[in-house]
Amino acid sequence: MVSSLLYPRVTSTRRVISLDGMWNFQFDPASEGVAANWANGLPAPVSMPVPSSFCDIFTDKDSREYAGDFWYETDFFVPGEWEGNEVVIRFGSATHTARVFINGTEVCSHVGGFLPFNALATGVVKYNEYNKLSVLVNNELSETMLPCGATQTLSNGKKVCAPYFDFYNYAGIQRPVKLLMIPKESITDFTVNHNINDADADVDYTVETTGENNVVVTAYDAKGNQVAESCGKTGTLHIENAKLWNVHAPYLYKFVVKIVDGDKVIDEYYDTIGIRTFKVEGEKLLLNGKHVYLRGFGKHEDADIRGRGLDMVTVKRDFELMKWIGSNCFRTSHYPYAEEVYYMADEEGFLIIDETPAVGLMESTMNFLAANQGTGKKVTFFEKETTPVLLEHHREVLKDMIKRDKNHASVIAWSILNEPETNHETATPYFENLFDYAHELDVQKRPRTFAVVMMSLPHTCKCWQVSDFVSLNRYYGWYVMGGADISDAEEAFRQEMDGWAAIRGERPFIFTEYGADTLGSEHKLPSVMWSQEYQDEYLDMNHRVFDSYDWVQGELVWNFADFQTTEGIMRANGNKKGIFTRQRQPKDAAFHFKARWDSLPVDYKGDK
Ligand code: CKU
């Protein structure tokens, strides 16, 4: 039960109480809290909203930049009528590691900051009373955990994080926390796979439970009419005249899963399910057998003050902007997002390339934020002593991401790494291991990919072949040959593309990143880099190149919005490659994209 990642639902057998709100919070720089019994009460707490990142709430730099242990604490009431059931505390995430205590007793720990986990509270909670929940969180970075980075100690003794990645290391309890009541005999997992035969659909399903009683699965259409039913822990739901889920035209069925004993319902769960298929065929991407050209964004969970704390106002605004601009897809760069985002994508008809937090897996000078620059280290990233430990963690995270997200119609592909080092054959076994594992885990066998960094070229990259479609991150005209040199950038870009054309076989390519830092305040004629005019010229050049190759089947610009990064000479208070500002207002480029994407047919390049 504890390892179930099903999204919390209230049904005839289940209860959910939100624990979000103001909690107590305290930094623990000396890591003394466990020994000093802070799990029974924090000595000097301040108040802190949950969910949120703690970083941008404080007004002093030491608090914002804090690295190390910190504690959260709240009281929660367990209704007496829940006795006899399992009581669970469900965290949407805690970044990056967590140890959970209930009434002073440690009940679970978790590693990895972007996926849910459960703390079993049965046995330690008191019914009809208030109980104490304490969480010891740590936000330090290392090379054995995702995302990769280092933690350094300044000469004043304070620890700071040195991310090997280009986004701020926001931390805290950043997603909702829920108190659940679940029956002792319960549904722990539910998986669907779709087969479309002319007008009908056969949905194969598997249900996992903690007991032996029978299972019934019933499908209802959007109006609430029953359309199919099947008994057993595995089976097939035959839906006649199935309404398919599609881009910008979503249709969601409700699937109700029950454990039954005669007339008695022992457990009940439901989920909303879109019926669709997604495949790579030749050089095309096919949704329900029809060609689709991807257009959209690499995104971040990032907003003013909230950091990476889930904020449904921002999530909703982002979807409104993505609809307005004519996009159909986004990548959850560089970590799995909050579950609420995937449900909204299901409801709005958006396609998601779902990414693990595997970012920063590179030793190189282009990894401009790396702590080890200039140390002359010679080992490649995937031949370190610690690589097996990292691989084990990466497999765990991949497993949980697929387990959590596998039923979403919106999720069309898995992005297993972002910009790893791939120019040496020592990387290949690491990649093969994970790509095989993804296929093993996903009954829908969604295509797998990873984002290829700009130094990994057709004649140097040793790993692109593992991808079902190849995803390129390219910055011709920004990091190389920018400004007045943009015509050389275009030439160099085309040369690289010709290199891929010669070796790619039939495989489709998409762009998962291309972009230019642009200040919302800057205009200049003629353009200079960082001005809005240059962003437009840069985009025109890139789109000219994309449009010349039929096997380029998608364009996800970097980034949807400006976002916070670590401070430094490469960044003007954050990465400014947004098409929207961090406040979600359009730069000139937004109108540029709207004109392009509104005019490209859904199946652009489909007839070639
Ligand atoms: C983006 C070498 C390029 C690194 N890449 C990854 C992404 O996380 C960054 O934000 C490019 C950038 O803007 O540099």
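Is H248 buried, partly exposed or exposed? H248 is partly exposed, at a relative accessible area of 44%, where buried means under 20%, exposed over 50%, and partly exposed in between (1.4 Å probe, protein chains only). Some notes on the rest follow.

1. First, the ground rules. This is a predicted model, where local features need pLDDT of at least 70, side-chain atom pairs count only at pLDDT 80 or more, and totals for chains, interfaces and linings use all residues. Residues are numbered from 1 along each chain as its sequence is written, and side-chain values use heavy atoms, with hydrogens and water left out.

2. Back to H248. H248 has a positive phi of about 60 degrees, although it is not a glycine. You'll find H248 in the loop between β17 and β18; strands here are DSSP runs of E with at least two residues, helices are runs of H or I with at least four, and numbering starts from the N terminus.

3. N241 is another one to look at. N241 has a positive phi of about 45 degrees and is not a glycine either. N241 sits in the loop between β17 (234-239) and β18 (253-261). With 57% relative accessibility, N241 counts as exposed.

4. Now the cis peptides. One runs from T95 to H96, with omega near 0 degrees, and H96 belongs to the loop between β5 (86-91) and β6. Another cis peptide bond joins W558 and N559, with omega at about 5 degrees. N559 is in the loop between β30 (552-558) and α8 (588-599).

5. On to the sheet. Six strands make an open sheet in the order β3-β2-β4-β9-β6-β7, with antiparallel pairing (two strands pair if DSSP finds at least two bridges between them). At the edges are β3 (46-50) and β7 (105-111), each of which pairs on one side only. From one strand to the next, the twist averages 30 degrees; axes are lines fitted to C-alpha atoms, and angles run from 0 to 180 degrees between N-to-C directions.

6. Within that sheet, have a look at β6 and β9. Strand β6 (residues 97-102) and strand β9 (residues 129-138) run antiparallel and are joined by 6 bridges. R99 stands opposite L136 in β9.

7. Then the ligand. There are 12 residues around the ligand, and D166, H334, Y479, N575 and K577 come nearest; a residue is near if one of its heavy atoms lies within 4 Å. By class, this shell has 5 nonpolar, 2 polar and 5 charged residues. In that scheme, Ala, Val, Leu, Ile, Met, Phe, Trp, Tyr, Cys and Pro count as nonpolar, Asp, Glu, Lys and Arg as charged, and the others, Gly among them, as polar.

8. E419 has a side-chain N or O atom 3.0 Å from a nitrogen atom of the ligand. A polar contact here is a pair of N or O atoms within 3.5 Å. The protein covers 95% of the 350 Å² of accessible area that the ligand has on its own, by the Shrake-Rupley method with a 1.4 Å probe.

9. Last, F546. F546 is in helix α7 (residues 532-547) and is buried, with a relative accessible area of 0%. F546 and M497 are 49 residues apart along the chain, and their C-alpha atoms are separated by 9.3 Å.

Conventions
A polar contact is a pair of N or O atoms within 3.5 Å; within protein, one must be able to donate a hydrogen and the other to accept it, and residues adjacent in sequence count only if both atoms are side-chain atoms.
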